[in-house]
Amino acid sequence: MKEQLQALEQEALSKVEEASTIKELQDVRVAYLGKKGPITEVLRGMGKLSPEERPIIGELANTVRANIANAMEEKKDAMERAELEKQLAEEQIDVTLPGRPVAVGGPHLLTSIVEEIEDLFIGLGFEVREGPEVETDYYNFEALNLPKGHPARDMQDSFYITEDLLMRTHTSPVQARTMNAIQGARPVKMICPGKVYRRDTDDATHSHQFTQIEGLYVDKNVRMSDLKGVLDRFAKHMFGEDREIRLRPSFFPFTEPSVEMDISCKVCNGEGCSVCKKTGWIEILGAGMVHPRVLEMAGYDPNEYSGFAFGMGPERIAMLKYGVDDIRHFYTNDVRFLKQYHQA
Ligand code: 2NL
């Protein structure tokens with residue numbers, strides 16, 4: 001029986017040695033150490049042994065079993081180590097290889113234009129203020145001298161939410177709210193950029209949603225010449241120091257007098273071409289002196305305070321500055337269009 005066990009041990013150890021996969025090693029374990037294996041078989045026959053022999057064979061059987069189990073454990077460790085070594089060798093990373101470039105985004109052309117305009121006006125002492133896009137009828141119309149039934153309310157067909165709430169049609173309500181909060185206690189010098197909404201059918205020059213930047217300066221002794229100086233600075237900053245401006249009379253319900261500002265055409269230098277429709281001038285924005293009623297409704301005494309205001313469309317500014325021919329390019333966001341305007 002002793003020889004039988006020793007032979008089994010040798011046999012099992014050489015099988016362990018031969019095994020080349022974890023699976024084969026498991027098969028050897030089942031075959032030799034399993035319940036139906038030969039060692040269990042030998043131990044079952046121990047009943048026939050003499051009481052003197054029994055502990056000796058028992059101990060030997062346990063030793064054989066332990067030796068086989070140890071050999072298996074060692075073999076398994078060795079296999080796992082080899083596998084790891086192989087993996088480490090195969091998956092070596094060359095840290096000196098050049099990196100794969102990451103696609104980097106940039107600001108949208110409209111964002112850049114709005115920020116450029118903001119920076120200029122901040123430099124001139126204006127604050128930048130934002131307000132809600134869903135407005136009350138009062139701040140969007142009433143406070144701007146557009147009472148109910150005013151024809152200009154029909155002119156700007158609006159998106160109404162309730163009878164009293166609508167998507168703002170201009171950013172002026174932000175200014176009306178600001179003045180209203182101050183109630184004539186101090187001057188206001190602000191610009192307000194933001195999205196505005198009008199019920200328009202989209203085409204190359206119209207969009208139902210677009211951006212606006214309005215400016216407002218209310219103080220004692222603010223004059224038309226102050227407006228002209230600020231607008232001249234703006235025009236030259238955006239379109240070049242060689243540009244001229246001109247103001248033409250116009251009408252807005254919230255300003256009196258009202259003007260429209262043109263800049264001299266850069267394409268033909270005022271000679272007349274297709275861009276300026278042969279006039280030599282291009283319309284850029286609307287402006288005027290704040291209507292006394294608008295000042296009064298916001299709590300400013302129009303005998304003591306005066307102000308100027310202006311409003312412009314950054315899409316139009318960008319289209320003129322960069323020759324963009326369709327306002328929809330700003331909203332369809334084709335990266336081939338957008339990429340052309342990344343400075344960095
Ligand atoms: C345009 C014309 C304009 C204003 C906006 C304004 C705001 C207040 C008081 C008075 Cl709170 N006026 N804003 C004034 C004149 C013109 O916009 O053509 N925008 C694209």
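This is a predicted model: local features need pLDDT of at least 70, side-chain atom pairs count only at pLDDT 80 or more; totals for chains, interfaces and linings use all residues.
1. Phe-234 belongs to the largest nonpolar core, which has 44 residues. Phe-234 is among the residues with the most contacts inside that core; the others listed are Phe-121, Met-261, Ile-284, Phe-308, Phe-310 and Met-312. In soluble globular proteins, nonpolar side chains tend to be buried together.

2. Which elements give two or more residues to the core? The helices are α5 (109-123), α9 (224-239), α11 (314-322) and α13 (335-338). The strands are β5 (209-219), β7, β8 (281-290) and β9 (306-312).

3. A polar side-chain atom of Glu-214 sits 2.6 Å from a nitrogen atom of the ligand. For a polar side-chain atom of Gln-212, the distance to a ligand nitrogen atom is 3.5 Å. Gly-311 places a backbone N or O atom 3.2 Å from a nitrogen atom of the ligand. On its own the ligand has 490 Å² of accessible area, and the protein covers 88% of that.

4. Now the annotation. UniProt lists Glu-256 under "binding site", in an unreviewed entry. Glu-256 lies in strand β7 (residues 255-264). Is Glu-256 buried, partly exposed or exposed? Its relative accessibility is 46%, so Glu-256 counts as partly exposed. Glu-256 touches Met-289 and His-291, leaving out residues up to four places away in sequence.

How values were computed
Residues are numbered from 1 along each chain as its sequence is written. Side-chain values use heavy atoms; hydrogens and water are left out. UniProt positions are given in the numbering used here, feature names are shortened, and annotations may be inferred rather than shown by experiment. Helices (H or I, at least four residues) and strands (E, at least two) are DSSP runs, numbered from the N terminus. Buried means under 20% relative accessible area, exposed over 50%, partly exposed in between (1.4 Å probe, protein chains only). Contact means heavy atoms within 4.5 Å. A nonpolar core is a set of buried Ala, Val, Leu, Ile, Met, Phe, Trp, Tyr and Cys residues joined through side-chain atoms within 4.5 Å. A polar contact is a pair of N or O atoms within 3.5 Å; within protein, one must be able to donate a hydrogen and the other to accept it, and residues adjacent in sequence count only if both atoms are side-chain atoms. Accessible areas come from the Shrake-Rupley method with a 1.4 Å probe; for residues, only the protein chains shown count as cover.
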